Amino acid sequence: MSAPTLTQDPAAKERRPRRPRAGAVRPPAQGFGKALRRNVTAHGFLIGAVLCFAFFSWYPIVREFLLAFQKTEDGQVSWTGWDNFVTIWNDPAFGQAWRNTLWFTALALVLGFAVPFVTALVINEFRHGQGYLRLLVYLPVMLPPTASVLLFKYLYDPGYGMFNEVLDAFGIPAQQWLQDPDTAMLSVVVASTWMNMGGATLIYLAALQGVPGELYEAAELDGAGLLRKVWHVTIPQTRLILALMLLMQIIATMQVFIEPFLLTGGAGPEGSTTTVVYLIYQYAFNFNNYGAAAALGLILLVLLAAFSAVYTRLNRATEE
Amino acid sequence: MSTRTLISPAALARPRGRLLYWLCFALVVVLFTLAFLGPLYWMVSGGLKTTQEAVQTPPTWVPGSVHPENYQRAWEVMDLARLLLNTLYYAFGALAFQLVLDVAAAYSLSKLRPVLGKAILGMMLVTLMIPATVLVVPQYLTVLDVPIVERNLLNSPWAIWLPSVTNAFNIFLLKRFFDSIPKELLDAASMDGAGPLRVLWSIVLPISRPILGVVSIFAVVGVWKDFLWPMLVLPDPTGQTLAVGIYSLATSVPENVLIAALTIASLPTLLLFLLFQRNIMSGLTAGGLKG
């Protein structure tokens, strides 16, 4: 077959010298055929990804809604209305899981939100070694979570763990960490922050580079100290990024699973680390109650989709 | 070039300021090194200790006697070679699927502009709003019995590869990059008779090398780090990934062997990071937030 050339279509060659009038309407039949061919090609390029989305994303989303109102017994699917929601509501673990998840989110916001910001502020002040410090902070993000979580489990061990050894150096008595319902969740959050803070820190660092230096100078002329400069210049200047990261953090932490699952076996001492997603996991894969799992998942979905919607609007605002 | 930050250069220029700066700097470097390299040191050195030393109270900072053979034991007892190969197989398969299908989709949405393209992109982006963990249950049921084709993908690599394509963020990132390629360039190519595939291959892809690099690294790292999904869809121990395999064997091996295994599992992505640091960090800040 010969390669297609410009001369292949004599009509096209003839048409070329004629400059089209502004707003000229093309002959419909030719335009349609061309458009059809163009669309077939375009959809051909799309089809693979669209099929994957259809099977593994769009259909499961629809199915999540259906499952929540269905019951499967011996392979028989039946509609049950709100029964699944009543089941999870009456489960004592329901309230506890939500309380724990909110507690985790709150702790993760204090640590996981503030620590990366302060870290970025500190790194940004240095004129040396920024590359090294950034590298260090991002290092844990590259570890497989299984490895970092199991490593922390080892570090937390009340007997041979290193954390108690460090506390001992400061004269603080040894803690039970993961085995104590009071400290279990905090321990999980510390591990989680260590594992995940790298990404947020780098994003804050990028945002800090955009703060105009004159503003700091102006603040100094007004006699502002370090903290006031942070409060009145840095935070307002980076507030959109901060708001976006806050939302992202909330969305991510409310889905926490692997840290409690691996550190405390999921539930933890007296159920102190049972999270909503762990409860979903239990319903689905330990009790084979997909309906209840889906119902609980749906509640989480609605809640987090609301946060996501705010995030998207805010993100669009920063683009403009 | 240095930009003005919180602390004024004038304050830093004074001898007292300079002293304070270097003091703080030294403190921060030591603190960060301890906080972020400390646990890693603990991991590497823990793998070198004897079982007895690994679980003794109080713990030792430096291994009393060095036992590199723990690493060999971990490699053999936990069958790490197999787990490592599995993970590589899943990761690079997922990478291939994402590169081919997501790039084609983004190219089509950006340059070929099909009918309903906007709607399709919109539906893809909506999936970003749905919390991933919520979808695990219906996705799992789908994998158990894929509709229409009626296949069970449990224990098959397809269960990792195909869902990895549904990465709306990747498609969006690629599309935005393709959008920035001047139209004149592509028009010139099609004038010369290049079809859409040829244009993609000879013009778009070579220009897009940086973004393809970023997407590729994240694709591989994503599979390497994933836990819940591979744990659910790959229950057969011989087909598991490193992350899952190590977890399921964690309680059956002595502490020091487990810790040696953790080190081995962490090495590939750490090396990848050290090699491609620049790309990873720029990709993260470029696409990470403003997306």
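The radius of gyration here is taken over C-alpha atoms, and the globule rule is 2.2 Å times the number of residues to the power 0.38. A compact globule of 320 residues would come out near 20 Å, but chain A has 28 Å. This is a predicted model: local features need pLDDT of at least 70, side-chain atom pairs count only at pLDDT 80 or more, and totals for chains, interfaces and linings use all residues. Residues are numbered from 1 along each chain as its sequence is written, chains are lettered from A and ligands numbered from 1 in the order in which they are written, and side-chain values use heavy atoms, with hydrogens and water left out.

**Chain A overall**

- Chain A holds 14 helices and 2 strands; helices (H or I, at least four residues) and strands (E, at least two) are DSSP runs, numbered from the N terminus.
- The C-alpha trace of chain A spans about 90 × 75 × 40 Å along its principal axes.
- Of the 320 residues in chain A, 50% are buried; buried means under 20% relative accessible area, exposed over 50%, and partly exposed in between (1.4 Å probe, protein chains only).
- Among contacts in chain A with a separation of 6 or more, 66% link residues 24 or more positions apart; contact means heavy atoms within 4.5 Å.
- Chain A exposes about 16,100 Å², with 62% of it from carbon and sulfur atoms; the areas come from the Shrake-Rupley method with a 1.4 Å probe, and for residues only the protein chains shown count as cover.
- Chain A carries 21 positive and 21 negative charges, and their mean positions are 26 Å apart.
- In that count, Lys and Arg are positive and Asp and Glu negative, while His and the chain ends are not counted; a charge is placed at NZ of Lys, CZ of Arg, CG of Asp or CD of Glu.

**Nonpolar core**

- A nonpolar core is a set of buried Ala, Val, Leu, Ile, Met, Phe, Trp, Tyr and Cys residues joined through side-chain atoms within 4.5 Å.
- The largest core has 193 residues, and A:Tyr204, A:Tyr281, A:Leu296, B:Leu80, B:Met124 and B:Ile246 touch the most other members.
- Helix 5 (residues 80-112) of chain B gives the most to this core, with 15 residues.
- Beyond four places in sequence, B:Leu80 touches B:Ala74, B:Trp75, B:Leu242, B:Ile246, B:Ala261 and B:Ile264.

**Buried sites**

- A:Leu263 sits in helix 12 (residues 258-263) of chain A and is buried, at 4% relative accessible area.
- A:Leu263 and A:Ala191 are 72 residues apart in sequence, yet 9.3 Å apart in space, C-alpha to C-alpha.
- Sequence neighbours up to four places away aside, the contacts of A:Leu263 include A:Val149, A:Phe152, A:Leu178 and A:Val188.
- B:Thr127 lies in the loop between helix 6 (117-126) and helix 7 (132-144) of chain B.
- B:Thr127 counts as buried because its relative accessibility is 10%.
- Neighbours within four places in sequence aside, B:Thr127 contacts A:Phe53, A:Ser57, A:Trp58, A:Ile61 and B:Ala168.
- Helix 8 (residues 158-165) of chain B is mostly covered, with 7 of its 8 residues buried; among them are B:Trp161 and B:Pro163.

**Positive phi in loops**

- B:Asp79, in the loop between helix 4 (69-77) and helix 5 of chain B, has phi near 55 degrees, a positive value in a residue other than glycine.
- B:Asp79 is partly exposed, at 33% relative accessible area.
- B:Arg113, in the loop between helix 5 and helix 6 of chain B, has a positive phi of about 45 degrees although it is not a glycine.
- B:Arg113 is exposed, at 51%.
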